[in-house]
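Subject: Handover of a structure, with notes on its contents

Dear colleague,

Please find the structure below for your use. The notes that follow it set out what was found.

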Amino acid sequence: MNILVINGPNMNMLGIRQPEIYGRATYEDLKAMISAEAERLGVQVSFFQSNHEGALVDAIQQAYLDKVDGIIINPAAYTHTSVALLDAVKAVGIPTVEVHISDPDSREEFRHVSYVRQACIATVKGRGLEGYLEALRLLRDRAKTQL
Ligand code: CA2
């Protein structure tokens, strides 16, 4: 199975600022962690990060053309604003897990809304970078039970 991991705006800044919220690991560290877990699980994984909403929509549509089996998405700030990302995930119909490093529900009020959530099979939040690994295992286990 092949899984696409999508990260939204500023996620390339991980480990550089606000370590008290997002930790000290960099975006490169995150990719390495996920790749190691994917290899352990026998899953193919690829990555996409953009600061641009339309580019994220394009990546979701491309995942459909590429017959990707699952998407892990941290839309970052677009979580709280983007109907376009919600529509894209709904449109492609690919099992998608929403991940947040922090727990947006225990932060500012404006972070409590997630548009994309209603198109996702699960949300993992507040688990740090480990949340991405949990999402990976979730998608893998779901695929196994549906064989
Ligand atoms: O907790 C999460 O994963 C978030 O999706 C991260 C977003 C935030 O807007 C969401 O509410 C919750 C922020 C993306 C990363 O922003 C950084 C800012 C400075 C340094 C490192 C990352």
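A salt bridge here is a side-chain nitrogen of Lys or Arg within 4 Å of a carboxyl oxygen of Asp or Glu. The model is predicted: local features need pLDDT of at least 70, side-chain atom pairs count only at pLDDT 80 or more, and totals for chains, interfaces and linings use all residues. Residues are numbered from 1 along each chain as its sequence is written, and side-chain values use heavy atoms, with hydrogens and water left out.

Salt bridges

The salt-bridge rule gives a count of 12. One of them joins glutamate 37 to arginine 40, with 3.0 Å between the closest N and O atoms. Both residues belong to helix H2, where a spacing of 3 residues separates them by about one helical turn. Helices (H or I, at least four residues) and strands (E, at least two) are DSSP runs, numbered from the N terminus. In general, an α-helix has 3.6 residues a turn, so residues three or four places apart point the same way.

For accessibility, buried means under 20% relative accessible area, exposed over 50%, and partly exposed in between (1.4 Å probe, protein chains only). Glutamate 37 is buried at 9%, whereas arginine 40 is exposed at 59%.

Glutamate 98 and arginine 117 form another salt bridge, the closest N and O atoms being 2.9 Å apart. This pair links distant parts of the chain, since glutamate 98 is in strand E4 and arginine 117 is in the loop between E4 and E5, 19 residues apart. Glutamate 98 is buried, with a relative accessible area of 0%; arginine 117 is partly exposed at 26%.

Arginine 117 also bridges to aspartate 105, at 3.7 Å between the closest N and O atoms. Both lie in the loop between E4 and E5, so the pair ties together parts that are 12 residues apart in sequence. Aspartate 105 is partly exposed, at 28%. A network of salt bridges links Glu98, Asp103, Asp105, Arg117 and Lys125.

Helix H5

Helix H5 has 16 residues (130-145) and should span 22 Å at 1.5 Å a residue; its end C-alpha atoms are 23 Å apart, which agrees. The expected span is 1.5 Å times one less than the number of residues. Buried residues of H5 include Leu133, Leu136, Leu139 and Arg140. The buried residues of this helix pack against strands E1 (2-7), E3 (70-74), E4 (96-100) and E5 (122-125), and against helix H2 (27-41), where contact means heavy atoms within 4.5 Å.

With kind regards
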